[in-house]
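Here's a quick briefing to read with the viewer open. Have a look at the fold, then go through the points below.

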Amino acid sequence: LVQTDRLKVVAFIPLQHFGKIKPGDNVSIKPEAPLVGEYHANVSTVDGVIESASGTFGVVVELENQDGQIPAGSRCKMLVDKVN
């Protein structure tokens with residue numbers, strides 16, 4: 001089963017931003033072309049473990065998608081308001 005009315009957006013953020021991103025922070029989600037739009041949500045989870053091979057850590061955002069405009073599995077970019 002796939003839940004498409006609430007999507008989990010997972011981003012891998014460079015280590016230099018570790019400690020700067022917290023649950024509740026505002027983010028903008030921009031799907032890759034051909035999809036368009038900008039969606040606003042909040043960080044739900046920040047991974048406390050660094051992936052040593054890539055020098056990144058995970059951030060999860062739960063994005064409302066009630067109208068189904070964003071297909072599950074779409075690639076996107078996430079902009080964290082205070083990190084940009």
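Which backbone oxygen lies 2.8 Å from a polar atom of the side chain of asparagine 65? It's the backbone oxygen of isoleucine 70, and the pair is a polar contact (N or O atoms within 3.5 Å; within protein, one must be able to donate a hydrogen and the other to accept it, and residues adjacent in sequence count only if both atoms are side-chain atoms).

Before the details, a word on the source: this is a predicted model, where local features need pLDDT of at least 70, side-chain atom pairs count only at pLDDT 80 or more, and totals for chains, interfaces and linings use all residues. Residues are numbered from 1 along each chain as its sequence is written, and side-chain values use heavy atoms, with hydrogens and water left out.

**Around asparagine 65**

- Asparagine 65 sits in the loop between S4 and strand S5 (76-80); strands here are DSSP runs of E with at least two residues, numbered from the N terminus.
- With a relative accessible area of 3%, asparagine 65 is buried (buried is under 20%, exposed over 50%, partly exposed in between, with a 1.4 Å probe and protein chains only).
- Not counting residues up to four places away in sequence, asparagine 65 touches Thr4, Asp5, Arg6, Leu7 and Ile70, where contact means heavy atoms within 4.5 Å.

**How the strands pair**

- S2 (residues 26-31) and S3 (residues 39-46) run antiparallel, joined by 4 bridges; two strands pair if DSSP finds at least two bridges between them.
- Serine 28 has histidine 40 in S3 as its bridge partner.
- S3 also runs antiparallel to S4 (residues 56-64), with 3 bridges joining them.
- On that side, valine 43 stands opposite valine 61 in S4.
- Threonine 45, another S3 residue, is partly exposed, with a relative accessible area of 40%.
- Setting aside neighbours within four places in sequence, threonine 45 is in contact with Gly58, Val59 and Val60.
- Threonine 45 and glutamine 66 are 21 residues apart along the chain, and their C-alpha atoms are separated by 21 Å.

**Salt bridges**

- The structure holds 4 salt bridges, each being a side-chain nitrogen of Lys or Arg within 4 Å of a carboxyl oxygen of Asp or Glu.
- As background, side chains of opposite charge can pair when their charged atoms come close.
- One of them is between the side chains of glutamate 64 and arginine 6, at 1.9 Å, N to O.
- Glutamate 64 is in strand S4 and arginine 6 in strand S1, so this pair ties together parts that are 58 residues apart in sequence.
- Both ends count as partly exposed: glutamate 64 at 43% relative accessibility, arginine 6 at 34%.
- Another salt bridge joins the side chains of glutamate 32 and arginine 75 at 3.6 Å, N to O.
- Because glutamate 32 lies in the loop between S2 and S3 and arginine 75 in the loop between S4 and S5, that pair ties together parts that are 43 residues apart in sequence.
- Glutamate 32 is partly exposed at 33% relative accessibility, while arginine 75 counts as exposed at 61%.
- Salt bridges with shared partners also join Arg6, Glu62 and Glu64 into one network.

**Lysine 30 and its partner**

- Lysine 30 is part of strand S2 and counts as partly exposed, at 34% relative accessibility.
- The side chains of lysine 30 and glutamate 38 meet in a salt bridge at 3.8 Å, N to O; glutamate 38 is partly exposed too, at 39%.
- Beyond neighbours within four places in sequence, the contacts of lysine 30 are Gly37, Glu38, Cys76, Lys77 and Leu79.
- Valine 60 is 30 residues from lysine 30 in sequence and 15 Å from it in space, C-alpha to C-alpha.

**A nonpolar surface patch**

- Leu15, Phe18 and Ile50 make a nonpolar surface patch of about 240 Å².
- Patch residues have over 30% relative accessible area and no salt bridge; nonpolar side chains (Val, Leu, Ile, Met, Phe, Trp, Tyr) are joined within 5 Å, like charges within 9 Å.
- Accessible areas come from the Shrake-Rupley method with a 1.4 Å probe, and for residues only the protein chains shown count as cover.
- Leucine 15 is found in the loop between strand S1 (6-14) and S2, and counts as partly exposed at 43% relative accessibility.
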